[in-house]
Amino acid sequence: MDRRFLFVLGSSRTEGNTEALARRAAEQLGPGVEQTWISLAEYPLPEFEDLRHDSDHVRPTEGNLALLLDATLAATDVVIASPLYWYSVSTHVKRYLDHWSGWLRTPGVDFKATMAGRTLWGVTVLADPEPSVADPLIGTLNNSAAYLGMYFGGVLLGNGSKPGDVLGDTEALAGAKSFFAREAPLARYFHEAV
């Protein structure tokens, strides 16, 4: 299967540090690798309403929700590019992941089986020099991948605050050169990891 990358941009700021780092990593993908970039700020999703016990689910056929569902299902690799906001993913990304819960129950989608075997990646930029403050974000993505039976390529970390700061992070830029080339293991919950 040819690789098709979906880059889900979760920043409230256009062309911010996280997007810049994700684009640096994406430059290393071959010319035959399809890339789709969707900014959740430009294509906002409605608030997620948990209806799993209350109603029938209907597959969205138009609007931003349909766009994101179709793009997610078409991707072999989903890249969550979210700045570190309060030690986790942004509100935009959290809402996107919440909609995965609804897609699990949408007839004809078979979301869990479709996503199994695909790869989830993360890219984030944080202002703190201590990388461990991003552990909650990494845990969110790792556990989401584990639940769906996906591979998890890890999270590319960069450092910066003001726009353009990450371009001075030589370690992050070096890591971006080989980030998508590495072998992604099957995701496991941290308590199951050997």
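Which pattern does the protein chain follow when read along the sequence? The pattern is β-α-β-α-β-α-α-β-α-β-α, and the secondary structure comes to 6 helices and 5 strands. Helices (H or I, at least four residues) and strands (E, at least two) are DSSP runs, numbered from the N terminus.

The model is predicted: local features need pLDDT of at least 70 and side-chain atom pairs count only at pLDDT 80 or more, while totals for chains, interfaces and linings use all residues. Residues are numbered from 1 along each chain as its sequence is written, and side-chain values use heavy atoms, with hydrogens and water left out.

**Whole chain**

Begin with the C-alpha atoms of the protein chain, which fill a box of roughly 50 × 35 × 35 Å along the principal axes. Of the 194 residues, 47% count as buried, that is, under 20% relative accessible area with a 1.4 Å probe, protein chains only.

**The sheet**

Next, select the 5 strands, which form an open sheet in the order S2-S1-S3-S4-S5 with parallel pairing. Two strands pair if DSSP finds at least two bridges between them. Strands S2 (34–39) and S5 (151–159) stand at the edges with a single partner strand each, so one side of each is left without a neighbour in the sheet. From one strand to the next, the twist averages 15°; axes are lines fitted to C-alpha atoms, for helices over the stretch in contact, and angles run from 0 to 180 degrees between N-to-C directions.

Now display S3 (residues 77–81) and S4 (residues 119–126), which run parallel and are joined by 5 bridges. Isoleucine 80 has glycine 122 in S4 as its bridge partner.

Then select H2 (residues 63–74), whose axis comes within 11 Å of that of H3, crossing at roughly 80°. The two helices are therefore roughly perpendicular to each other, a term for angles of 65 to 115 degrees. Finally, show the side chains of Leu65, Leu68, Leu69 and Thr72 in H2, which meet Tyr96, His99, Trp100 and Trp103 in H3.

Conventions
Parallel < 35°, antiparallel > 145°, perpendicular 65-115°, else oblique. Contact = heavy atoms within 4.5 Å. Buried < 20%, exposed > 50% of the residue type's maximum accessible area, 1.4 Å probe, protein only.
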